[in-house]
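Reader: Could you walk me through how to read a few features of a model? I'd like the general idea each time, then the case at hand.

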Amino acid sequence: MKKLFLSTAVLAMAACTAVQPEGDAIVTGTNPIITGQFTADPTARVFEGKIYMYPSHDIPSVITHHDGSAWFSMPDYHVFSSEDLTSWIDHGVILRQEDVPWGKPDAYAMWAPDCVCKDGKYYFYFPDAPAGRPGFGVGVAVADRPEGPFTPQTEPIKGVFGIDPCVLIDDDGSSYIYWSGMGLSGCRLNDNMVELDGRPVRLDRSLPEGFKEGPFAFKRDGKYYLTYPWVRENTETLAYAMSDSPLGPFEYKGLIMKESPTGCWTNHHSLVEYKGQWYLFYHHNDYSPDFDKNRSARIDKLYFNEDGTIREVIPTLRGVGPVKATSKVEIDRYSSIDGARIEYVDTTDLFKGWKTIFTNSGDKVAFDELDFGKKAPKSVVLCVKAPKGGEMALTAGETMTVTLPAAEEWKEVCMPMPFKVKRMHNLEMKLVEGTDVEIDWITFR
Ligand code: FUB
């Protein structure tokens, strides 16, 4: 083990900044994937070789439910794109409630959307509260590019009363829309993509009771999958059913994801194959532990069995994106943890993220798949607060021990690397001496 005593720069630092301006890349690679704003109900689609994510946009509640409680407040939609699932571009607002000709402009009811591409046009399907009548309608906005500008149709789709539209385009070009509202319905879409072609069919009748909302349908290897939030006990799980036909009957197959352990009542998801790997996009209230109507999108890998059934996805904090050792590595998004605990860095601004607290010697975390690239970094920098000082072992290929100076405030501690490390490694950080050492992030330069 190489031992290195700190001799180089120790800088006092302000709390880290996580909020990103529109148009700039938001770089995480971990869960949740977008910081600085809430992103619920993430629908992921592959357009032009990139992942586009169309989430709904929660804001702190400005409206109340009929029982007087704070309620979903969702005024508009953003779209995000990524090539590597780590770095996300926020293309900004693509549709506002005030811009929907048939919508109530102050309903804050722009719930879960979807977007598909047909014959070079992008069709964005969204729920909204219609002006002058109760309930929800589903509208369509059309664009020439996945990021818009989108122009909403003057009327909602006739015959669709409900929320959470999802559209499946079959191999022969025929399209089907699915939505939730008094059960789960599906219907063929007209070739113009904005009208129903026929009568809606109730699809939940062949499923066990407990369907709630948020259907997402797709086709794989000739089989049709209908996936949906399903309440079996307390909160929404994600479940799925399969069929040989786009409009069923669907046969229930099992769970994709269990209830959230922290009690976020909703979950809402999409499944997408990108560069040969399937992913589950879903949401959780990571940045809003006390109000589960402010949610954040997450991604985890998803696998199919030989017979086409889906393996359960266990939610992770590490997520799926490649993380460069030269970025600020948030080890609180760990792959495994033993003894250490995670807390928010700043309880007055939760978008600043989390820190890892090593209370006792022996506490450790591992962060898998850290890419050190082709050129070995010369130094390591830790953002650390260690009121009583401490000693920490860092392992990435080899192990080194670093001594942390006693300091009551956050410090950026920089020291030279005692060995060369290149390419992909799992990083382990273990407190070997001391107590109450807090780490915000670590990076290699
Ligand atoms: O985001 C509002 C609603 O919560 C969605 O439409 C549902 O699917 C649930 O996630």
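Reader: Let's start with accessibility. Which is Asp221, buried or exposed?

Author: The cut-offs go by relative accessible area: buried is under 20%, exposed is over 50%, and partly exposed is in between, using a 1.4 Å probe and protein chains only. Asp221 comes out at 68%, so this residue counts as exposed. One thing to keep in mind is that this is a predicted model, in which local features need pLDDT of at least 70 and side-chain atom pairs count only at pLDDT 80 or more, while totals for chains, interfaces and linings use all residues. Numbering runs from 1 along each chain as its sequence is written, and side-chain values use heavy atoms, with hydrogens and water left out.

Reader: Where is the place of Asp221? And what is its phi near?

Author: Asp221 is in the loop between strand 16 (216-220) and strand 17 (223-231). Strands are DSSP runs of E with at least two residues, helices are runs of H or I with at least four, and both are numbered from the N terminus. As for the backbone, most residues other than glycine have a negative phi, and most peptide bonds are trans. Asp221 has a positive phi, near 50°. Lys275 also has a positive phi near 50°. Lys275 lies in the loop between strand 20 (270-274) and strand 21 (277-284), and its 66% relative accessibility makes it exposed.

Reader: And the peptide bonds: which residues does a cis peptide bond join?

Author: Gly148 and Pro149 are joined that way, with omega at about 10°. Pro149 belongs to the loop between strand 10 and strand 11 (151-152). The bond from Gly248 to Pro249 is cis as well, with omega near 5°. You'll find Pro249 in the loop between strand 18 (236-243) and strand 19 (251-257).

Reader: Now the rings. How many aromatic pairs does the structure hold?

Author: Rings of Phe, Tyr and Trp (its six-membered ring) pair if their centres lie within 6.5 Å; planes under 30 degrees apart are stacked, over 60 edge-to-face, and the rest tilted. The structure holds 28 such pairs. Take Phe72 and Trp111: their pair is edge-to-face, at 5.2 Å centre to centre with 65° between the planes. Phe72 is in the loop between strand 5 (50-56) and strand 6 (76-82) and Trp111 in the loop between strand 7 (87-96) and strand 8 (114-118), so the pair ties together parts 39 residues apart in sequence. Both Phe72 and Trp111 are buried. Trp111 also pairs with Phe136, this time tilted, at 4.8 Å centre to centre and 45° between the planes. Phe136 lies in the loop between strand 9 (121-128) and strand 10 (137-143), 25 residues from Trp111, and Phe136 is buried.

Reader: What about a charge over a ring?

Author: NZ of Lys or CZ of Arg must be within 6 Å of the ring centre and within 35 degrees of the ring normal. The charged end of Arg220 sits over the ring of Phe304, 3.8 Å from its centre. Arg333 has its charged end over the ring of Trp354, 3.8 Å from the centre of that ring.
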